[in-house]
Amino acid sequence: PTSAPTSADVAFKLPNADGTSGQVLKTDGSGNLSFGADTGGKILQVVSTTKTDTASSSSSSFADISGMAVTITPSATSSKIYLTGYVHLGINDARYSIYLKFTGGNTASYIGDAATGVECANHVRMSNANSSYEQESSPLMYLDSPNTTSAITYQLQWAIQDSQTAYLNRAYTLDADRGNTASTLTAMEVAA
């Protein structure tokens, strides 16, 4: 109908022709309906990296982890970027911490409040006192809203408490029984 039966009802105007296979009926918010692509909430693209070699750091300031970065170009400013990762870390002494965070996009909001002087996304500490032979695993997950269609590079960084030496993908002490591991980082564009 071109008009609503009463002023309390909404009149919806259907399009003159049918849509194509897979399209959905959408509204412009004023009662005008049209056919379009079903894009909301879908994964539009996935970019991932896996690091199988090891890395080490003794920096108490945040530094890039080599090989743990992904670049993604959102197709719309309304898209979200879902970051997920999994890292395996070793350090010589269970008393010391490894701090993790992302750079890129709006990931500056994915850190703890300023309270300790070392604000980060994740904090890893060994659960075993004999930590030189152990690795601790840490998941990373964040939904970013970059509001851009330009390329974004998301980089994983780490900082080591009191400049101790920490390792990625291996224990502090190499041991044939422990084995080396692999870490991964993935960025997924999610349609709004």
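In what order do the four strands of the open sheet lie? In this predicted model, the order is S5-S10-S7-S8, and the pairing is antiparallel. S5 and S8, the latter spanning residues 122–125, stand at the edges with a single partner strand each, so one side of each lacks a neighbour in the sheet. From one strand to the next, the twist averages 20°. The antiparallel strands S7 and S8 are joined by four bridges, and Ser97 stands opposite Arg125 of S8.

The largest nonpolar core comprises 29 residues, and those with the most contacts inside it are Val87, Leu89, Ile98, Leu100, Trp158 and Leu168. At least two residues of this core come from each of several strands, including S5 (63–72), S6 (80–91), S7 (97–103) and S10 (152–160). Beyond its neighbours within four places in sequence, Leu89 is in contact with residues including Ile98, Leu100, Trp158, Tyr167 and Leu168.

Three aromatic pairs were counted. Tyr110 and Tyr142 are stacked, at 4.7 Å centre to centre and with 10° between the planes. Tyr110 belongs to the loop between S7 and S8 and Tyr142 to strand S9, so this pair ties together parts 32 residues apart in sequence. Tyr110 is buried, with a relative accessible area of 16%, and Tyr142 is buried at 15%. A further pair, Tyr167 and Tyr172, is edge-to-face, at 5.8 Å centre to centre and with 65° between the planes. Here Tyr167 is buried, at 17%, whereas Tyr172 is partly exposed, at 30%. Phe102 forms one aromatic cluster with Tyr110 and Tyr142.

Charged groups also sit over rings: the charged end of Arg170 lies over the ring of Tyr167, 3.8 Å from its centre, and that of Lys101 over the ring of Phe62, 4.5 Å from its centre.

Terms used: Residues numbered from 1 in each chain as written. Predicted model: local features only at pLDDT ≥ 70, side-chain atom pairs only at ≥ 80, totals over all residues. Heavy atoms only, no water. Core = buried A, V, L, I, M, F, W, Y, C linked by side-chain atoms within 4.5 Å. Buried < 20%, exposed > 50% of the residue type's maximum accessible area, 1.4 Å probe, protein only. Contact = heavy atoms within 4.5 Å. Pairing = 2+ DSSP bridges. Axes fitted to C-alpha atoms, helices over the stretch in contact; angles between N-to-C directions. Phe/Tyr/Trp six-rings, centres within 6.5 Å; stacked < 30°, edge-to-face > 60°. Lys NZ or Arg CZ within 6 Å of the ring centre and 35° of its normal.
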